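User: I have a model open and would like to go through it with you. Could we begin with the helices and then move on to other features?

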Amino acid sequence: MSDSTEMQAQHEGQAAETPAKDPAIVALEKELEAERESLAAAEAKRERDRHAAVLKEQIEETRRRRKEEEALAEAEAKHGPLGKKIEALQTIEGLVIVKAPDGIKARKWMDQHGENPKVQACRELARPCVVYPPLDRYDEIIADRPVVVVSTANAVLKLAGLGGKELGGK
């Protein structure tokens with residue numbers, strides 16, 4: 001290699017190294033690295049929090065299902081078999097268990113309200129037959145989701161032997 005070629009190669013090598021040694025570039029690279037570390041820490045925290053929330057939700061769901069199974073077993077022991085003496089309705093808000101009504105009261109109710117009763121009439125029929133959840137919780141459920149009371153009344157009428165047609169049906 002000639003001296004001029006060596007000098008040119010040496011000069012190009014220095015030119016390639018020069019920007020990396022520039023204090024402004026070094027500061028920007030450090031700032032970028034710090035921001036990337038902060039971002040990674042924030043992402044990791046969000047993932048931990050999300051995972052913890054999922055686990056808590058699964059615990060609550062499992063706890064609710066366990067309580068419902070215990071309530072169903074207790075209702076069967078106290079009132080009789082599922083499908084004959086009690087009915088279990090799965091709702092968005094959880095399980096509702098009803099027992100068979102007094103047959104005479106159910107017939108009178110059906111005579112008075114017919115096949116298309118108002119929601120309040122359904123509530124009057126269903127509420128005394130609710131075995132689970134506690135009545136205050138049942139009232140909260142039907143306040144948020146009134147159609148649950150119609151489903152509950154249908155189940156009560158079915159247990160009474162009068163539920164050939166669903167209430168409000170065509």
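This is a predicted model: local features need pLDDT of at least 70, side-chain atom pairs count only at pLDDT 80 or more; totals for chains, interfaces and linings use all residues.

User: Which residues are buried in helix α5?

Analyst: Helix α5 covers residues 135–144, and its buried residues are Y138, I141 and I142. Viewed down the axis of α5, these buried residues fall within an arc of 90 degrees, so they line one face of the helix.

User: What share of the residues is buried?

Analyst: Of the 170 residues in the protein, 23% are buried. The accessible surface is about 12100 Å², and carbon and sulfur atoms account for 53% of that area.

User: How about contacts between residues at least 6 apart in sequence: what percentage join residues at least 24 apart?

Analyst: The figure is 59% of those contacts.

User: Changing topic to I86: where is it, and is it buried or exposed?

Analyst: I86 belongs to strand β1, residues 86–91. Its relative accessibility is 0%, so I86 counts as buried.

User: What is I86 in contact with, leaving aside neighbours within four places in sequence?

Analyst: Its contacts include L72, A75, H79, I97, V98, K99 and L159. As for K99, the C-alpha atoms of I86 and K99 are 4.3 Å apart, while the two residues are 13 apart in sequence.

User: Finally, how much space lies in the largest pocket, and which residues line it?

Analyst: The largest pocket holds about 180 Å³ of space. Its lining consists of K99, A100, P101, D102, K105, A106, W109, E124, L125, P128 and C129. The elements giving two or more residues to this lining are α3 (103–113) and α4.

User: Which element gives the most to that lining?

Analyst: Helix α3 does, with 3 residues.

User: And what is the lining like by class?

Analyst: The lining of the largest pocket has 7 nonpolar and 4 charged residues, with no polar ones.

Terms used: Residues are numbered from 1 along each chain as its sequence is written. Side-chain values use heavy atoms; hydrogens and water are left out. Buried means under 20% relative accessible area, exposed over 50%, partly exposed in between (1.4 Å probe, protein chains only). Helices (H or I, at least four residues) and strands (E, at least two) are DSSP runs, numbered from the N terminus. The arc is that of the directions from the helix axis to the C-beta atoms. On a 1 Å grid over the protein atoms alone, a cavity is a set of points where a 1.4 Å probe fits but cannot get out, and a pocket is an open set with protein on both sides within 12 Å along at least five of seven lines; lining residues have an atom within 4 Å of a point. Grid points are joined across faces, edges and corners, and a volume is the space filled by probe spheres set on the points. Ala, Val, Leu, Ile, Met, Phe, Trp, Tyr, Cys and Pro count as nonpolar, Asp, Glu, Lys and Arg as charged, and the others, Gly among them, as polar. Contact means heavy atoms within 4.5 Å. Accessible areas come from the Shrake-Rupley method with a 1.4 Å probe; for residues, only the protein chains shown count as cover.
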